Amino acid sequence: TQAVLVTPELVATTAVPIIPTFTKQALKLKPGAKFSGTFSGGDFIFRIGQTGNEVVPKSINIRKADCKEGGKMSDLLAFDPPPSFAIENGQFTITRDKQVYMTGMFLSETQARGSIELHVMQKGKTCSIGPTTWIATIE
């Protein structure tokens, strides 16, 4: 018997994945619309601004979230007064000092998803959460 070496044939593809991009016209986000979202360790609320071109975060509620440093933390981060962050091509980024870094993308006029990372100081200890994914839907 003779051994036969079989090598897989590599097939080059020319297909390029299509990544959807959204514009204000394509989405027609409703000014004032309230979105509620959840992530591992909490939930949050944001609204669409009056022009439909920005997100306005209201609060992030941390609920017994696991800290990278060990332990768990619960806290409420309120945005008061609430800032606004631009929506560009259906995407946005929310930041607050070094505490909050949140990116998102609207999947439709009623749903968005993204990533959130938090660094919260409580009782002299830092709690780092994420980055972890989130999903939000319109109320």
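The torsion about the S-S bond of Cys 67 and Cys 127 is about -95°, so this disulfide (a pair of cysteine sulfur atoms within 2.5 Å) is left-handed. The model is predicted: local features need pLDDT of at least 70, side-chain atom pairs count only at pLDDT 80 or more, and totals for chains, interfaces and linings use all residues. Residues are numbered from 1 along each chain as its sequence is written, and side-chain values use heavy atoms, with hydrogens and water left out.

**Disulfide**
- The structure has one disulfide.
- Cys 67 and Cys 127 are joined with an S to S distance of 2.0 Å.
- Cys 67 sits in the loop between β3 and β4 and Cys 127 in strand β9, so the bond ties together parts 60 residues apart in sequence.
- Cys 67 is buried at 11% relative accessible area, and Cys 127 is buried at 0%. Buried means under 20% relative accessible area, exposed over 50%, and partly exposed in between (1.4 Å probe, protein chains only).

**Ser 128**
- Ser 128 lies in strand β9 and is buried, at 8% relative accessibility.
- Its side chain makes a polar contact with the side chain of Glu 69 at 2.6 Å. A polar contact is a pair of N or O atoms within 3.5 Å; within protein, one must be able to donate a hydrogen and the other to accept it, and residues adjacent in sequence count only if both atoms are side-chain atoms.
- Beyond neighbours within four places in sequence, Ser 128 is in contact (heavy atoms within 4.5 Å) with Asp 66, Cys 67, Lys 68, Glu 69, Leu 118 and His 119.

**Nonpolar core**
- The largest nonpolar core holds 31 residues. Such a core is a set of buried Ala, Val, Leu, Ile, Met, Phe, Trp, Tyr and Cys residues joined through side-chain atoms within 4.5 Å.
- Phe 46, Ile 48, Val 55, Ile 60, Phe 106, Leu 118 and Trp 134 touch the most other members.
- β1, β2, β3, β4, β6, β7, β8 and β9 each give two or more residues to this core.
- Leaving aside neighbours within four places in sequence, Phe 46 has contacts that include Phe 35, Val 55, Phe 92, Phe 106 and Trp 134.

**Whole chain**
- The protein chain has one helix and nine strands. These are DSSP runs, numbered from the N terminus: helices are H or I, at least four residues, and strands are E, at least two.
- Of its 139 residues, 35% count as buried.
- Mean pLDDT (the predictor's confidence in each residue, from 0 to 100) is 87, and 81% of residues reach 70 or more.
- Over residues 20–25, pLDDT is below 50.
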